[in-house]
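Biologist: I would like to learn how to read a model like this one. Please take me through it feature by feature.

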Amino acid sequence: MPIQTLKGALRALLLVAVFFAGVWSHASGVIDDFLWYLPDVRYLLGEHLWLTAVSGGLAIGFAVPLGIVLSRPTMAGVAESLMQVLNVGTTIPTLAVLALSMSFLGIGTVPAVFGLFVATLLPIARNTYAGLKGVNPALLEAAAGIGMSPLQRLVKVELPNALYVIFAGIRTALTINVGTVPLAFLIGAGGLGELIFTGIDLYEPVMMLAGAIPTALLAIVVDAVIATVAFLVVPRGVNPSRA
Amino acid sequence: MIQLDNLTKVFDTPKGAVVAADHISMEVPAGEICILLGPSGCGKTTTLKMINRIIRPTSGKVFIDGEDTSGLDTQELRRNLGYVIQQIGLFPNMTIEENITVVPRLLGWDKARYKARAREMMAMIALEPDAFLKRYPSELSGGQQQRIGVARALAADPPVMLMDEPFGAIDPINRAVIQDEFLKMQQELRKTIMFVSHDIDEAIKMGDRIAVFREGRLVQYATPDDLLAAPKNAFVESFLGEDRALKRLNLVKVREIVTDEIGTVSPGDTLQTALAKIDDFGYQNAILMVNERGQPAGIIGRSVARTTKGYCRDHFQAVPAVVGLDDDLRKAASLMFAHDITWLPCVDEEGRVCGQITQRAMTSHLGARFRARQGDDRTPHPALKE
């Protein structure tokens with residue numbers, strides 16, 4: 001009971017604090033400053049989303065099939081070593097990847113999308129591979145024993161059972177992707193990084209925050225959206241969040 | 001019918017070639033359960049899995065209903081062989097209904113037909129369709145899951161079933177229940193079944209025939225009774241256990257050795273009559289008293305009958321135990337030991353006395369077959385005989 005009361009009190013205190021923060025920010029004019037950046041934020045948010053969608057979409061479209069191919073028994077010999085190569089790939093900082101891709105592809109959207117694509121690739125490929133490899137061998141034997149073809153086994157048994165892990169990879173990868181897109185500004189691809197880096201350079205905290213806060217919110221929203229999709233798409237019997 | 005013709009599997013390992021199954025030839029007649037029995041690594045599972053090509057045979061052939069399966073497409077072949085594994089292997093992403101209907105759906109049945117089939121299968125394995133069909137495997141107990149596993153294998157009504165230690169992972173109490181249920185189903189379905197087990201008691205209970213394996217070879221292939229009565233060599237003998245004569249008790253029904261000759265008295269008889277009957281029939285200690293419906297009502301002890309006057313109805317003791325005609329001798333023996341008696345009254349389905357079974361009859365029945373199979377050199381010494 002005392003804990004309940006304490007929680008209630010803290011909640012009330014929080015509401016009061018939020019209220020006064022609102023009052024203060026309105027009074028000090030910060031909100032108006034923010035609103036001044038609103039058209040910029042809107043435009044750059046569009047660019048930001050576009051970069052995320054294209055690079056993330058390409059990464060999913062490439063990494064999931066890659067994970068599937070590597071998990072096939074015939075690939076067992078090369079799969080682990082290829083995974084190691086990809087692992088080493090992710091240890092390269094994203095900024096370095098962007099710099100490298102700029103030196104090959106020049107500046108603008110194309111090298112940015114490519115750099116982001118490479119950075120997003122691995123978590124998805126790794127999870128797809130691990131998820132498929134982690135499917136209980138008894139299920140595969142049962143599936144083979146009742147007469148499923150290799151493709152039927154993949155589609156009806158392996159993928160549904162690995163889906164939760166695959167989605168976890170996509171979720172991590174895209175959340176990181178949203179947080180990395182601001183770097184793309186450095187090679188001339190736009191996005192909310194424009195406000196962040198310019199704000200830093202000009203020592204304009206409000207401008208920087210006008211870029212940083214929407215970026216953070218966007219990451220949270222993307223994470224929530226993918227979590228919801230996973231909740232709905234992964235079959236109930238193998239979905240820990242619906243157990 | 002399943003026929004194996006010189007089926008052989010050689011595994012290439014870093015340590016050299018290992019022969020997992022060495023020219024296995026055997027035949028399982030249609031409608032029978034054949035148990036592949038042996039210690040682990042004896043080749044029984046390899047042999048089973050070569051039938052549905054989970055393991056590819058190195059050489060040799062498998063015939064099903066006389067047809068050489070090497071000409072069949074693997075998927076096609078497997079869809080006609082029910083397959084049950086120890087790990088159950090229900091698909092956790094599918095509902096119970098989807099699991100049961102997975103083979104019919106692969107075979108392209110229409111929806112109404114496979115839905116009806118799912119309900120039919122649930123009735124067969126005694127699980128309530130409405131309560132279970134929409135649930136997921138993780139929501140079921142191990143025993144229920146394996147019942148579903150069996151239902152899945154039977155759904156497309158394959159003539160042949162392959163079962164790889166299907167009840168091995170289930171606790172002993174549930175295992176016995178599922179074994180009984182399965183045998184009851186099999187009485188109607190009459191599938192031809194290959195069944196891997198390492199449990200001699202399960203093999204005796206479930207098998208019409210037992211194939212004993214050792215180090216990749218088929219050592220002996222016989223009915224459970226023949227196997228227990230005449231193990232071919234020391235290995236089979238030790239695998240069956242020191243108490244194999246006792247295990248045969250499971251295989252013989254009371255019906256087979258009951259004698260319908262039994263002296264009884266009725267409650268209205270005097271104790272004098274009872275004593276006379278005890279002497280007439282040559283009973284040592286007591287005589288059974290039956291009521292007017294023919295049911296066992298009590299026993300009259302010899303000493304009571306000799307020393308007391310009066311009617312049986314006033315001087316009887318409770319009947320210690322009775323056996324039914326379809327009980328096995330193991331139960332009969334157990335009751336005799338528990339109550340320290342040498343005979344038991346037998347009752348029919350209505351509970352009426354229909355004969356008796358004696359310890360002597362049991363031992364001589366088991367001993368007769370045993371001696372007949374063993375040949376002269378192993379008959380007991382004359383001095384040991386009564």
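Biologist: Start with one residue. In which helix is Thr109(A) found?

Modeller: This is a predicted model, so keep that in mind throughout. Thr109(A) belongs to helix α6 of chain A, residues 109-133.

Biologist: Is Thr109(A) buried or exposed, or partly exposed?

Modeller: Count C-beta neighbours. Burial takes 20 or more within 10 Å. Thr109(A) has 19 C-beta neighbours inside 10 Å, so this residue counts as partly exposed.

Biologist: Now chain B. What does chain B contain in helices and strands?

Modeller: Chain B has 17 helices and 16 strands. Of its 386 residues, 39% count as buried.

Biologist: What radius of gyration does chain B have, against that of a compact globule of 386 residues?

Modeller: Chain B has 26 Å, while a compact globule of that length would be near 21 Å. Its C-alpha trace spans about 85 × 60 × 35 Å along the principal axes.

Biologist: What percentage of contacts in chain B join residues at least 24 apart?

Modeller: Take contacts between residues at least 6 apart in sequence. Of these, 64% join residues at least 24 apart.

Biologist: Next, a helix. How many residues has α5 of chain B, and how far does this helix reach?

Modeller: Helix α5(B), residues 111-124, has 14 residues. From first C-alpha to last it reaches 20 Å, close to the 20 Å expected at 1.5 Å a residue.

Biologist: Which residues of α5(B) are buried?

Modeller: They are Tyr114(B), Arg117(B), Ala118(B), Met121(B) and Met122(B). Look down the helix axis. These buried residues fall within an arc of 135°, so they line one face of α5(B). They pack against α3 (96-100), α4, α6 (129-132) and α7 (142-154) of chain B.

Biologist: Which exposed residues does the face of α5(B) turned away from the buried side carry?

Modeller: That face carries Ala112(B), Arg113(B), Ala116(B) and Ala123(B). Just after the helix, Ala126(B) takes a positive phi of about 60°.

Biologist: On to sheets. How do strands of a sheet pair?

Modeller: They pair through backbone hydrogen bonds, parallel or antiparallel. Here is a case. Chain B has an open sheet of 4 strands in the order β2-β1-β4-β5, with antiparallel pairing. β2 (16-28) and β5 (67-68) stand at the edges with a single partner strand each, so one side of each has no neighbour in the sheet.

Biologist: Over how many bridges do β1(B) and β2(B) pair?

Modeller: Strand β1(B), residues 2-13, pairs with β2(B) over 9 bridges, in the antiparallel sense. Within this pair, Phe11(B) stands opposite Val18(B).

Biologist: Which residue takes a positive phi in the hairpin of β15(B) and β16(B)?

Modeller: Gly351(B) does, near 85°, and the hairpin has 5 residues between its strands. The strands β15(B), 343-347, and β16(B), 353-358, run antiparallel and are joined by 5 bridges. Leu344(B) has Ile357(B) as its bridge partner.

Biologist: Last, the interface. How many residues of chain B are in contact with chain A?

Modeller: 19 residues of chain B contact 17 residues of chain A. On the chain B side, α2 (74-79), β6 (81-85) and α4 (102-106) give two or more residues each. That side divides into 11 nonpolar, 6 polar and 2 charged residues.

Note on methods
Residues are numbered from 1 along each chain as its sequence is written. Chains are lettered from A and ligands numbered from 1 in the order in which they are written. This is a predicted model: local features need pLDDT of at least 70, side-chain atom pairs count only at pLDDT 80 or more; totals for chains, interfaces and linings use all residues. Two residues are in contact if their C-beta atoms, placed from the backbone, lie within 7 Å. Ala, Val, Leu, Ile, Met, Phe, Trp, Tyr, Cys and Pro count as nonpolar, Asp, Glu, Lys and Arg as charged, and the others, Gly among them, as polar. Two strands pair if DSSP finds at least two bridges between them. The radius of gyration is taken over C-alpha atoms; the globule rule is 2.2 Å times the number of residues to the power 0.38. A residue is buried if 20 or more other C-beta atoms lie within 10 Å of its own, exposed if 12 or fewer, and partly exposed in between; C-beta atoms are placed from the backbone. The expected span of a helix is 1.5 Å times one less than its number of residues. The arc is that of the directions from the helix axis to the C-beta atoms.
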